[in-house]
Amino acid sequence: MIFQRLIWAALAVAVLVGSLQSGVQQLQAVPIILAAEVFEGQKVEAPEPAAAPAPAAATAHVHADGAAHDHGEAGKEWAPADGLERVFWTWVANVLHAFSMALLVFVVMGLSLARGSNMRSLSLAAWVAAAGWLSFHFWPSLGLPAEIPGMDAARLGSRQGWWVLAAGSAALACVSLAMLRSRLRWAAAAAWLALPYVVGAPHIAADPLAGFSGEAQAALRQLGAQFIWATTWVSLSFWLSMGVAGGLAFQRWVRPALLAILQRGAAPAAGAVQVPQ
């Protein structure tokens, strides 16, 4: 029963929040991305050392029957076409992302209730959403800001690893403040927050826009600054709506069933306690 309520509540929140996020993306981030993509054709790539051709890896070859054909098109990755198809699949991705985050928010809220929290659902959801924004956007973005198309960056694996470290450290800082009762919880939270920046975010030594001309660089730098703010607004709208919608859905569908389970679990324990004569 509780599992079904959890899934349906998370799905309802995901459709609402994912749709809102898609709309904000179309208004804030997408125009900047399209404007930056105009300059991608002007980028001068650094020459790579020539490698000896490998006959076995050639895309065009001849079979034993003498018929030659090319596998170049077959090797391309699928991508949605521009227009409605891209908008639709972006919406699907945003809804799936919102669904996973709604489940995470509900689990954290449920654990808080199990630990005896008496906060109202909206207030509790607001605190959890604030921790989510800090962990998944604000703290990692201080070291690795959002990048526009065409910018050079450090190796993808290094950036992904550091992002996980920053997000996990921020989440552990929030857990330290919420779970620990000692005054040292502030020191523990500060240590967790400092950890990823002690390690250092991966960046390239060269200018990320070195491959562009002066005018293109100036335009792309301006677009890059706008894109950082746009992604911040997208993230803020996501977590604000997640806090409101998640709090209302949790109060309406999840909290009553969860409290009933907790009360049934507490009843046998209370009955087993005997007052000494």
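User: What volume does the second largest pocket have?
Analyst: In this predicted model, the second largest pocket has a volume of about 970 Å³. A pocket is an open set of points on a 1 Å grid over the protein atoms alone, where a 1.4 Å probe fits, with protein on both sides within 12 Å along at least five of seven lines. Grid points are joined across faces, edges and corners, and the volume is the space filled by probe spheres set on the points.

User: Which residues are the closest to its centre?
Analyst: Val108, Ala131, Cys174, Val175 and Ala178 are the closest, out of 27 residues that line the second largest pocket. Lining residues have an atom within 4 Å of a point.

User: Which element gives the most to that lining?
Analyst: H4 does, with 9 residues. Helices are DSSP runs (H or I, at least four residues), numbered from the N terminus.

User: How do the residues of that lining divide?
Analyst: They divide into 21 nonpolar, 4 polar and 2 charged. Ala, Val, Leu, Ile, Met, Phe, Trp, Tyr, Cys and Pro count as nonpolar, Asp, Glu, Lys and Arg as charged, and the others, Gly among them, as polar.

User: Now the largest pocket: how much space lies in it?
Analyst: About 1200 Å³ of space lies in the largest pocket. Its lining has 39 residues, and Gln25, Ala146, Phe227, Thr231 and Val234 are the closest to its centre.

User: Which element provides the largest share of this lining?
Analyst: H7 provides the largest share, 8 residues. The lining of the largest pocket comprises 21 nonpolar, 13 polar and 5 charged residues.

User: How are residues numbered?
Analyst: Numbering starts from 1 along each chain as its sequence is written. Totals for linings use all residues, whereas local features need pLDDT of at least 70.

Notes
Predicted model: local features only at pLDDT ≥ 70, side-chain atom pairs only at ≥ 80, totals over all residues. Heavy atoms only, no water. Helix = DSSP H or I, 4+ residues; strand = E, 2+ residues; numbered from the N terminus.
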